[in-house]
Amino acid sequence: MRNCSVRELGRMDYASALELQRRLVAERQQGAIPDQLLLVEHPHVVTLGRNGHRENLLASDEILARAGVDFHPTDRGGDITYHGPGQLVGYPILDLREWKRDVAAYVRGLEQVLIDTLAAFGIAAGRIPKLTGVWVEGRKIAAIGVHIARWVTSHGFALNVSTDLSYFQYIVPCGLTKPVTSMAALGIRAGLEDVGYVLAGHFGRVFDCQMPVGAPAHSGARKRETL
Amino acid sequence: MTDVVMPQMGESIVEGTLTKWLKKPGEHVERDEPLFEISTDKVDTEIPSPAAGTLSEVMVEEGKTVGINTVVARIDENGAGAAAAAAAPAAQAAPPPAPAPEPAAPPVQAAAAPAPPPPPAEESAPAAEPAGPLSPLVRKMARENNIDLSRIKGTGAGGRITKQDVEGYLAARPAAAPAPAAPVRPAAPPAPAPVAAAPATAPLPPAAPARTRIEPLSTMRMKIAEHMVLSRRTSAHVTTIHRVDMTAVAKMREHNKAAFQANYGFSLTYLPFIVRAAVVALRQFPLLNASLDGNNIIYHNEINIGIAVALENGLIVPVIRAADEKNVLGLQRSVVDLAARARSRQLKPDEVLGGTFSITNFGSYGSLVGTPIINQPQVAILGVGTVDKTPVVIHDAIAIRSICHLSLSFDHRLIDGALADQFMTKVKQVLEGWTEEVQ
């Protein structure tokens, strides 16, 4: 069975995480490292996919700046989205040639990992046909946007654990005028580390790889989510 | 020449959107160097070049969605090409035994296909189909348009029928004899042709071209819709229309136009004159600058005029604050600035709040008269029609004057017709007897 390293990056700004992904993608393409799953929490940032529509950004640069939100165009699929504290962001760097050469199956796989993770916390989440992502009663709880180069994946998913949902007012998430939700909004209080730990297990099962077992990387006191 | 095709990115994926060319026609590209990007459902993928050479021809432009295996470009291996070209047919003989009954040899794409595995061969075609491989896109177009493909001459590689061939045929068809004689959509092309091998894929939609297209409302559109209906439900709308002679204003404008352009870099329009006239009238009739809150009238001491600005897919009403403290120059400057920033989405949130009265200038789009909807919680809105030179009777003589129709929609819960028309008479009087300096 393939190995997949889990890297828990804690709080890291978007640009640094993007840079790290680029480096790991190159190393993965050369076969220098095994598959990776990066788990990270970003400070407030709005990112726009390559095929996204700037008009889905509802706020001016000034308003974003005043709210302390960065804006970052990027090269993943999908439209516009928001990342911020309380959101578990996952960036799998997988060589799909060693799993399935099928980008649709990969996206469905990510959805399955998220659905199974939420189920472990007692949340019944599912898919909506043609609307990639994971949904709970018509509200989006996790977004997906992927980039693939030579069958090696980057970017990935963002799961709202205790995200301050008011920040989504600045955008039309993924170009869809559908509401968003979070685990906290559904009454589930959980820390990012705990959710990441559960998620890594489901990730290994769905993508047929061996995840390192052990305690979550952050053993210290749980961070208080800042607003 | 090597054909570059839309690769198959997964079993159930039958098409992809070409989002970006990373090379331009005429540019050199190395084998395995990223050549273009495609997008399929939230996944962007860089596609490497299948060969080294010059990108000689690009058949699919950015933004177009095409079926898998559609040729999107050709690469000319010229100098170094000999070896590669020789290798191609050899490689082509080798691929796993294809169950395809197709007589014509597939073009070099088999050798050229990038990373993804060679797609399953096309399904056996209905009898009427011509020789040569058909892309799923062409099959789909043929099915949807009820075309007998044997009537089309292919111009693609190896005589294959391309999308352009089908489009050309369709364009020519109405003049020529329509293909099938049967009246009701016949079962003519049996078209089983499942697009590639898609086991679990739902059957394709029926052949009829779509009669509708569904698109979700933008957030702005939803907000506008909500606001408009709310306003209609809230206020008792009545509209009164007055004809105003703008000749004095036109003269003043003519006189200052060049100076405005030279000194301030923007032109002088009719709108700031009308804003100014409205401000003067609002000061005299403050009930039109009020709001209704339950059983209370709220009189606003500031005169903040909202100016409706049309955006590409919507409308926004930025506010000129303390409009009563500005002359025509100041008002024109505000109008130009707010409109420009509205269109580039640079307005600050408080710049669309706090309006006490609104003006909408539909005349700039040629409208003579309109009946605008009140911008809640205000109680009146002034609509400005187009200014036209018109023959009018003055002292029993016919004169040519610049005429404009102004319409005032007001909330009859608070304002009666007599007051509304007194207000409009004041506006008219200011404009017709314009004396104020503009700068």
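Of the 439 residues in chain B, 37% count as buried. That figure comes from a predicted model, as does everything below. Chain B carries nine helices and 19 strands. Among its contacts with a separation of 6 or more, 64% are between residues 24 or more positions apart.

Let's start with the sheet that opens chain B. Four strands make up an open, antiparallel sheet in the order 1-8-6-3. Its edges are strand 1 (2–5) and strand 3 (28–29) of chain B, each of which pairs on one side only. Strand 1 of chain B is tied to strand 8 (residues 71–76) of chain B by four bridges, and the two run antiparallel. One spot to look at is Thr2(B), whose bridge partner in strand 8 of chain B is Ile75(B).

Elsewhere in chain B, two helices cross. Helix 7 (residues 271–284) and helix 8 (residues 328–343) of chain B have axes that come within 9 Å and cross at roughly 115°, and the crossing is right-handed. On the helix 7 side, the residues involved are Leu271(B), Pro272(B), Phe273(B), Val275(B) and Arg276(B); they meet Val328(B), Leu331(B), Gln332(B) and Val335(B) of helix 8 of chain B. Sorted by class, this helix contact has seven nonpolar residues, one polar and one charged.

| Strand pair | Bridges | Sense |
|---|---|---|
| Strand 1 and strand 8 of chain B | four bridges | antiparallel |
| Strand 9 of chain A and strand 5 of chain B | four bridges | parallel |

The last row takes us across the chains. Strand 9 (residues 139–149) of chain A and strand 5 of chain B run parallel, and Ile148(A) stands opposite Thr45(B) there. As a whole, 27 residues of chain B are in contact with 28 residues of chain A. On the chain B side, strand 4 (34–40), strand 5 (43–48) and helix 5 (219–234) each give two or more residues, and strand 5 of chain B gives the most, with five. That side divides into twelve nonpolar, eight polar and seven charged residues.

Finally, the cores. The largest nonpolar core has 84 residues, and those with the most contacts inside it are Val46(A), Leu114(A), Ala142(A), Phe157(A), Leu159(A), Tyr170(A) and Val72(B). Helix 3 (residues 103–120) of chain A gives the most to this core, with eight residues. Leaving aside neighbours within four places in sequence, Leu159(A) is in contact with Gln87(A), Leu88(A), Leu114(A), Ile141(A), Ala142(A) and Val195(A).

Key: Residues numbered from 1 in each chain as written. Chains lettered and ligands numbered in written order. Predicted model: local features only at pLDDT ≥ 70, side-chain atom pairs only at ≥ 80, totals over all residues. Contact = placed C-beta atoms within 7 Å. Nonpolar A, V, L, I, M, F, W, Y, C, P; charged D, E, K, R; others polar. Pairing = 2+ DSSP bridges. Axes fitted to C-alpha atoms, helices over the stretch in contact; angles between N-to-C directions. Left-handed = near helix turned anticlockwise from the far one by under 90°. Buried ≥ 20, exposed ≤ 12 C-beta atoms within 10 Å, placed from the backbone. Core = buried A, V, L, I, M, F, W, Y, C linked by C-beta atoms within 7 Å.
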